[in-house]
Structure formats: C-alpha cells, structure tokens
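User: I am new to this structure. Please pick one part and take me through it closely.

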Amino acid sequence: MSDEQLEEQATTTPPAFALTTGRERGYHRAAVDTFLASARRAFESGGDELSAEDVRIASFPLVKGGYVVADVDAALGRVEDAFAARERERVVRTQGAGAWVDQARADAQVILDHLARPRRHRFARTGVLTFGYRIDEVDHVSTRIVRYLRDGDALTAEQLRSAAFRMQRGGYREEQVDALLDATIDVILAVR
C-alpha cells in the first residue's frame, strides 16, 4: 500500500485511539495502524517475525492530529506483554521451566552486577558539552531496579516503560541506560 493509500485509509476509518488537538503532536495514525495490524498478523500466525523487543522499540513520527501518545504507548505495552508471554510459553514448552528461570536469573544477575557500581558512575557519561540523562534521576531508578531484583520490592514493566529523564551536560549516555531498562523489562516480563 502506498503512503497516499495509507493516509486515505487513516482518514476514512474511525480512529483507533483518541486524537490530539491544537498544537499537540501525536503519533502518525497510518504508521501506528500499519504497525498494529502487522503485529496482530504476526501474533495470530504464531511466527517469529516480530518479538516483544520489536514492539518495545517501535517508534512513530509525531504529527498534528495524530494519536494521543499515552494511549498508543499503553496499547503497545499490552501487545508487548502478549508477545513476551508467548515467547515464555514457547521456551518453557521446548526447554522446560527450569531453562526459562535460569535464563531470567542470569539476566537479573548481569543487571545487578552492572548496578553494583558506585552512584554517579553506573553508566558511561557524555562529554561536558553534550547532553545525556540526568545522573541523579537515573541513579534513583537504578536503585529501584536493584531493590526489585535483590529484595523483591514492587516494580512494574509499565513503570520502567514510562521512565523519563531530564537532560544534563555530561550526563549518562542514553543508549546504555535504555539498554539496561530494556533488559530489566525483559526480566520483569519473564517472571510474571
């Protein structure tokens, strides 16, 4: 389907999510609709062409009159949960529950080992003239992750998905922090 056809379809069908108004930008309707349709097909076919991680890293252009970001993100969280449950079921069926638990435990230990570093030194930093995530905010979330993995404190995948950090010069490198958050979400989804 061409871009024009997708755009026409998006404007002729009722919206799947609430739309932004005024100057607020939202996710491009056709891009979201296309992604969710392909996710539905992949899930229903039981194939491996799409994973929970693929759903988590999906991104869409921001446009005026687009879908409300929070609504789409919540739906994507549910889709990710469904794919993760199916992936867990597949591994448990083929390799046994012990293999699944061992892998989740090993992943959790890697995260704990990384976060055992001293505060303010848990991730690589950007240069003094470039921006990265605020160190104190990331360290706060990191401490919550440690408490979840080590002590069993409450922490949900949704809380990590919605974690947002302000920027600061010389802050933590975004890609490292994001990778650790993704790995922690994988562990949370594995032990549900």
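Analyst: **The largest pocket**

The largest pocket holds about 640 Å³ of space (the volume filled by probe spheres set on its grid points, joined across faces, edges and corners). A pocket is an open set of points on a 1 Å grid over the protein atoms alone, where a 1.4 Å probe fits, with protein on both sides within 12 Å along at least five of seven lines; lining residues have an atom within 4 Å of a point. The model is predicted: local features need pLDDT of at least 70, side-chain atom pairs need 80 or more, and totals for chains, interfaces and linings use all residues. Numbering starts from 1 along each chain as its sequence is written, and side-chain values use heavy atoms, without hydrogens or water.

The lining has 25 residues. Nearest the centre lie Arg-56, Asp-73, Leu-160, Arg-161 and Ser-162. By type, the lining splits into 15 nonpolar, 3 polar and 7 charged residues (Asp, Glu, Lys and Arg are charged; Ala, Val, Leu, Ile, Met, Phe, Trp, Tyr, Cys and Pro are nonpolar; the others, Gly among them, are polar).

Helices 3 (52-56), 4 (69-95), 7 (157-161) and 8 (174-190) each supply at least two lining residues (helices are DSSP runs of H or I, at least four residues, numbered from the N terminus). Helix 4 gives the largest share, 6 residues.

Helix 4 also carries Arg-90. The side chain of Arg-90 meets that of Asp-48 in a salt bridge, 2.4 Å from N to O (the cut-off is 4 Å from a Lys or Arg side-chain nitrogen to an Asp or Glu carboxyl oxygen). Asp-48 sits in the loop between helix 2 (29-45) and helix 3. The pair is 42 residues apart and links distant parts of the chain.
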